[in-house]
Amino acid sequence: MKKTKTKTKEMKKKDVAFNFPLSFSSFSSSSNDNANNNKRSFVVTGYGLDRPGIYGQFSRAMLNIRADVESSRLARLGPDFTITALVSFFENRTRKQPRKRTNVKTHADHHKIRSSVLEEEEEEEEGEATTSAGTECETKKRLQDALDTRIDNFTFDVREVPPETRQNEEQSRARGYKKLIIRATNFPGITARITETLSNCGLNIETLRMDTKSSPFSNNNNNNNNNNNNTNLGAGVGGDEMYFCETTVRLIEGAFEEEKFTREMEKLEDELSCDVDVEDVSDMQ
């Protein structure tokens, strides 16, 4: 039985953004509460036929509306190019102008001025609530319009991220992460087998990239014979495709057990005849 290989090493600062889950890689731990309260985030997904310059146009569109692209995923899938990005805005509230001081001559004058000030403050609060609701719709529409007008023949969807979701993400950063690299001979259902195992071990997938490619040891003559006689797909699709999977997972508090995880990885290696490299990346925050 092959043992799961575990790597522990210090990572250079320049490697942090590539190894730590991208959904957290650009969050600043020094952000103050006021900035977070005024911060509104959106998940943008887009797809369309691939061509040069798409992400350049996307970046320029975000710059024009003063949007901050916190993290993004780009991929070419078949003929299409796909974009998934976390975009944020920082809304600056206009500071109220100080009220002019009024000379108070009598107690009655003081009472009258105080009542007037309270009424004005109530009106301002009502106005701010209405403005806030209107601003929320305006911000999303401004983002959608910028994408639709700047990038032709590309379909975009914009969804707002609730503030409580962002707060939960910040709290989850301290729970630990692992990065897994899996190499195997490809066969139908291998990704399902791997991801189900991760879920059963109390791990939540943060990022996952998988691909297949022809094995360098395959040859065309053997392929012709295998196509006629091959009946065992468990040994690979035609026996000549290699499978590669790289994923970063978050340890779910109260559900993850290190011993169980080690056993399941060894079992996975034996059943799939694969290599599993495991690296602790919890210190990449």
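**Strands, salt bridges and surface of a predicted model**

Asp277 is buried, with a relative accessible area of 9%; buried denotes a value under 20%, exposed a value over 50%, and partly exposed the range in between, computed with a 1.4 Å probe and protein chains only. The model is predicted, so local features require a pLDDT of at least 70 and side-chain atom pairs count only at pLDDT 80 or more, whereas totals for chains, interfaces and linings use all residues. Residues are numbered from 1 along each chain as its sequence is written, and side-chain values use heavy atoms, with hydrogens and water left out.

The side chain of Asp277 meets that of Arg183 in a salt bridge, at 3.3 Å from N to O. The term salt bridge stands for a side-chain nitrogen of Lys or Arg within 4 Å of a carboxyl oxygen of Asp or Glu. Asp277 belongs to strand β9 (residues 275-280) and Arg183 to strand β6 (residues 177-185), so this contact ties together parts that are 94 residues apart in sequence. Strands (E, at least two residues) and helices (H or I, at least four) are DSSP runs, numbered from the N terminus. In contrast to buried Asp277, Arg183 is partly exposed, with a relative accessible area of 39%.

Over the whole structure, a search finds nine salt bridges. One of them joins Glu271 and Arg193, whose side chains meet at 2.4 Å from N to O. Here the elements are helices: Glu271 lies in α9 (residues 258-272) and Arg193 in α7 (residues 190-200), so the pair ties together parts that are 78 residues apart in sequence. Glu271 counts as partly exposed at 45% relative accessibility, and Arg193 is partly exposed as well, at 22%.

A further salt bridge is formed by Glu160 with Arg40, the closest N and O atoms being 2.9 Å apart. Glu160 lies in strand β5 and Arg40 in strand β2, so the pair ties together parts that are 120 residues apart in sequence. Arg40 is buried, with a relative accessible area of 9%, whereas Glu160 is partly exposed at 30%.

Four strands form an open sheet in the order β3-β4-β2-β5, with antiparallel pairing; two strands are said to pair if DSSP finds at least two bridges between them. The edge strands, each pairing on one side only, are β3 (68-77) and β5 (155-161). From one strand to the next, the twist averages 15 degrees, where axes are lines fitted to C-alpha atoms (for helices over the stretch in contact) and angles run from 0 to 180 degrees between N-to-C directions. Strands of a sheet pair through backbone hydrogen bonds, either parallel or antiparallel.

Within this sheet, β2 (residues 39-49) and β4 (residues 80-90) pair in the antiparallel sense over 11 bridges. The antiparallel strands β3 and β4 are joined by nine bridges, and Asp68 stands opposite Ser88 in β4. The hairpin of β3 and β4 has two residues between the strands, and Gly78 takes a positive phi near 65 degrees there. Glu91 is found in the loop between β4 and α5 (107-150). Although Glu91 and Lys39 are 52 residues apart in sequence, their C-alpha atoms are 6.3 Å apart in space. Glu91 counts as partly exposed at 25% relative accessibility.

Strand β7 (residues 203-214) contains Met210, which is partly exposed with a relative accessible area of 37%. Together with Ile205 and Leu208, Met210 forms a nonpolar surface patch of about 220 Å² accessible area. Such patches consist of residues with over 30% relative accessible area and no salt bridge, like charges being joined within 9 Å and nonpolar side chains (Val, Leu, Ile, Met, Phe, Trp, Tyr) within 5 Å; accessible areas come from the Shrake-Rupley method with a 1.4 Å probe, and for residues only the protein chains shown count as cover. Ser214 is also found in β7 and is exposed at 55% relative accessible area. The C-alpha atoms of Ser214 and Asn186, 28 residues apart along the chain, are separated by 9.7 Å.

Finally, the cysteines may be considered. Cys201 is buried, with a relative accessible area of 1%, and Cys245 is buried, also at 1%. With a disulfide taken as a pair of cysteine sulfur atoms within 2.5 Å, the count comes to zero disulfides.
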